[in-house]
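User: Hi, I am new to this structure. Could you show me how to read a few of its features?

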Amino acid sequence: MTRTEHLAALESGDFDICIVGGGASGLGAAVDAASRGHRVALVEQEDFAKGTSSRSTKLVHGGVRYLKQGNIPLVMDALHERGRMAKNAPHLVRDLAFVIPTYHWWEGPFYGIGMKVYDGLAGKLGFGPSHGLSREETLERIPTIEPDGLTGGVIYHDGQFDDARLAVHLAMSADDHGAKLANHVKCTALVKDEAGKVCGIEAKDTETGRRFTIRARCVINATGIFVDELRRGDDPEAKDIVAVSQGVHLVLPKDFLPGDSAMMIPRTADGRVLFAVPWHDRVVVGTTDTPLRERSLEPRALPEEIAFIMIHTAQYLTRDPRPEDVLSVFAGLRPLVKSGEGLKTASLSRDHTILVAESGLITITGGKWTTYRKMAEDVIGRAEQVAGLEKRACRTEDLPIHGATTELIEEKHLRFYGSDAAAIRELGETQKVHPALELTVGEVRWHARMEMARTVEDVLARRSRCLLLDARSAIAAAPAAARILAEELGKGSSWEWTQTSEFTALARGYVFGDPASTG
């Protein structure tokens with residue numbers, strides 16, 4: 001997946017479908033359309049999954065809280081898609097046991113019944129049956145859980161994944177099927193024909209400043225929290241359809257939650273859901289649901305959000321987290337479809353919405369990672385209608401994602417590359433970029449050569465997850481990562497220095513207690 005070749009193709013070709021946005025929605029749509037045989041272009045203004053799609057709770061799930069809200073169709077769709085994700089990307093999605101601890105006699109039967117309904121909705125694509133746990137079994141599963149008043153628990157199964165790695169592998173899948181795509185290319189304007197119909201975009205390569213036009217029979221707006229900005233570029237009178245909600249997560253050392261089970265608190269004192277999830281030998285704790293007006297590519301946690309997570313983590317675990325224990329703080333903004341004024345974001349739709357403007361601009365928004373494939377199927381079906389393309393069957397229900405393999409990969413740090421692990425192993429450069437991180441020199445070279453990594457941030461935040469796993473160590477690793485990237489991309493020492501400085505400034509926002517980490 002070479003960016004230079006893809007850029008040349010984007011500049012010179014005419015396409016059936018042009019997708020703006022390289023997150024879960026856009027990349028999923030690119031895979032779907034390309035696998036149907038359509039000519040597909042995709043541009044992303046920053047990096048693949050730079051926004052919301054790399055900042056999730058790392059869960060592939062039906063949504064227990066949506067079950068509580070009575071949104072059965074959304075839960076059922078998500079559970080079926082969860083099963084398909086596990087089958088199509090076994091190197092990135094795995095079964096994870098969740099424990100709901102109970103502290104009142106009625107909670108066991110109450111949550112137990114709910115989880116049996118959850119199991120039933122999953123049908124044949126379920127991960128495993130739920131059942132009750134005794135107090136002793138709950139403590140065995142989660143030794144660090146608060147024992148005072150504990151009566152038992154309920155165990156159920158959901159999925160876990162690496163969101164940014166899946167995004168990269170979707171980009172590679174789109175490439176495998178003939179799509180042309182590039183990161184760090186910004187859509188600066190829509191192109192319209194004499195009848196006022198959208199027929200392409202004006203684009204700018206943000207690395208070189210070069211501008212060019214991409215012609216296409218239809219354009220899909222898959223820009224996440226920024227969809228309304230592109231819609232207003234089409235129609236200045238367009239009203240916002242998206243409200244933004246911020247979710248914040250803290251990353252703690254593994255010993256806060258030893259073992260292989262996650263913990264889920266379905267209702268905290270203020271009604272929110274709290275997860276503590278083992279991930280990459282760390283623990284991700286969250287999330288919050290805070291309405292925001294500001295939209296940013298680098299959102300920052302609010303002090304009250306951090307306090308909420310710290311307080312409730314201490315309430316449910318025997319070891320109270322201290323500021324110095326927190327390895328990273330990250331925030332993401334969810335695009336939620338508006339359904340009325342004055343509603344809390346927790347009650348807005350998590351389902352996806354597709355709009356077609358009079359100009360033919362197609363917008364897809366809402367949804368979540370788990371349902372990305374179904375969102376793509378729906379929007380490409382609509383694109384075929386809008387563009388007058390030949391209607392072709394969707395192929396993605398059983399389409400393996402790039403790297404898909406069930407082979408056991410011995411090196412833990414290579415498992416998320418799937419079948420590409422062998423090629424990285426052959427590079428032979430196994431020395432670590434930093435002693436506290438698993439990232440190797442060979443991996444960074446692979447990121448640059450095969451995965452379109454263009455910046456230190458691309459490598460340390462998304463191709464690897466170093467920034468989320470240990471922000472301070474990621475900062476320390478930046479000079480080494482910049483040096484390797486400079487060798488691969490043909491850059492000089494001044495570029496290395498700029499990259500290191502820019503990444504350090506950004507990464508400070510992930511360090512707990514640094515003024516840059518809070519908004």
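Analyst: Gladly. Let us start with a term: a residue is buried under 20% relative accessible area, exposed over 50% and partly exposed in between, using a 1.4 Å probe and protein chains only. Helices (H or I, at least four residues) and strands (E, at least two) are DSSP runs, numbered from the N terminus. This is a predicted model, where local features need pLDDT of at least 70, side-chain atom pairs count only at pLDDT 80 or more, and totals for chains, interfaces and linings use all residues. Residues are numbered from 1 along each chain as its sequence is written, and side-chain values use heavy atoms, leaving out hydrogens and water.

User: How do helix 15 and helix 16 pack?

Analyst: In general, two packed helices are described by the angle between their axes and the distance between the axes. Axes are lines fitted to C-alpha atoms, for helices over the stretch in contact, and angles run from 0 to 180 degrees between N-to-C directions. Here helix 15 (residues 471-489) and helix 16 (residues 493-507) pack at about 150°, their axes being 9 Å apart. The two helices are therefore roughly antiparallel, the word for angles over 145 degrees, while under 35 is roughly parallel, 65 to 115 roughly perpendicular and the rest oblique.

User: Which residues of helix 15 and helix 16 meet?

Analyst: Helix 15 brings residues including Ala471, Ile475 and Leu489, which meet residues of helix 16 including Trp495, Phe503 and Ala507.

User: Where does Lys50 lie?

Analyst: Lys50 is in the loop between strand 2 (40-43) and strand 3 (59-60). Lys50 is buried, with a relative accessible area of 5%. Its side chain joins that of Glu298 in a polar contact of 2.7 Å. A polar contact is a pair of N or O atoms within 3.5 Å; within protein, one must be able to donate a hydrogen and the other to accept it, and residues adjacent in sequence count only if both atoms are side-chain atoms.

User: Is Arg231 buried or exposed?

Analyst: Arg231 is buried, with a relative accessible area of 14%. Arg231 sits in helix 8 (residues 227-234), and a polar contact of 2.8 Å joins its side chain to that of Asp228.

Key:
Contact = heavy atoms within 4.5 Å.
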